[in-house]
Amino acid sequence: MSMFDLTGKVALLTGASKGMGFEMAKGLAENGATVIISSRTQEDLDVAAKAINDAVGAQRAHGVAANIVHEDSLQALVDKTHEIAGPIDIVVGNAGVNPYYGPIAEITNKAYERTMNANVQSNLWLARMVAPDMAAKGGGSMMFTSSIGAFKPSDTLGTYGVSKLALIGLVRNLAMELGPQGIRFNAICPGLIKTDFARELWDKPGIEEKYSKSIPLRRLGNPDDFAGLAVFLASDASKYMTGQALTVCGGSSMWS
Ligand SMILES: NC(=O)c1ccc[n+]([C@@H]2O[C@H](COP(=O)([O-])OP(=O)(O)OC[C@H]3O[C@@H](n4cnc5c(N)ncnc54)[C@H](OP(=O)(O)O)[C@@H]3O)[C@@H](O)[C@H]2O)c1
């Protein structure tokens, strides 16, 4: 049996109708997990679930709409996951927002609260809702999508970076608090990835070529660059790893 095998495991993913979340869900399903994929748009989820099921040749993906910014919506998602697939073994808290581009000193209270609520608080809600499932089974793995934006200040994406650094702090603390129950928490920190979320940053004439020259692996990231990491973090292959922030950026942001 492969140490990456996820047969019989139940995974719940937010932000998984497209982009990195979709590719992570597909990777988990390809390795045997049942995946409940979530986003706000049921029609997109139905298309995404069918694509995963067609790829793996089995009914392993189910789409359940939920908005991460509302606690009751997340609770309904967890309840529906239980109904469809049973107790949850793997969480991928991937949905995030960036409603504001500009200096942190000028952000409105509303935009600040929206960013922190979606990128930090919602993941705490999700972790709290699912932890009892994992504790009852003696373990589980949760991973949350942060960003390399957490590692340095920015005059345009500062609040987003603050929220993603707070998310790493949340992951670290939950790893300490719930480690004794066998529940692992890790953060994933992508560099610039070619998704709709970051389209403003890369989809302009000449930008991709220019930015790629500064990246050791000489390209921007693609959503499917995250499938392997999700499988690794979800599986026994990473069974002694918790409380970490793992950077996936082609080398654009190296440890120093
Ligand atoms: N792309 C990058 O360069 C980059 C870099 C660093 C970190 N990240 C992080 O990566 C994560 C995923 O982004 P991505 O680039 O893969 O984006 P994406 O391809 O645009 O996908 C975003 C997903 O999140 C869902 N979503 C958005 N708001 C939501 C909400 N309030 N509730 C539930 N679902 C919601 C979207 O579907 P609906 O709109 O239908 O809800 C979609 O499924 C985010 O946390 C982002 O901060 C991205």
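A polar contact here is a pair of N or O atoms within 3.5 Å; within protein, one must be able to donate a hydrogen and the other to accept it, and residues adjacent in sequence count only if both atoms are side-chain atoms. This is a predicted model, where local features need pLDDT of at least 70, side-chain atom pairs count only at pLDDT 80 or more, and totals for chains, interfaces and linings use all residues. Residues are numbered from 1 along each chain as its sequence is written, and side-chain values use heavy atoms, with hydrogens and water left out.

View 1. Look for Y160, with a polar side-chain atom 2.6 Å from an oxygen atom of the ligand. N67 puts a polar side-chain atom 2.9 Å from a ligand nitrogen. Taken alone the ligand exposes 890 Å², and the protein buries 93% of that (Shrake-Rupley areas, 1.4 Å probe).

**View 2. The shell around the ligand.** Here we have 28 residues around the ligand, each with a heavy atom within 4 Å of it. The closest are S17, T41, N94, Y160 and T195. By type, the shell splits into 11 nonpolar, 13 polar and 4 charged residues, with Tyr counted as nonpolar and Gly as polar.

**View 3. The sheet.** Seven strands make an open, parallel sheet, in the order β3-β2-β1-β4-β5-β6-β7. Strands are DSSP E runs of at least two residues, helices H or I runs of at least four, and two strands pair if DSSP finds at least two bridges between them.

**View 4. β1 beside β2.** Strands β1 (residues 10-14) and β2 (residues 34-37) run parallel, joined by 4 bridges. L12 has I36 of β2 as its bridge partner.
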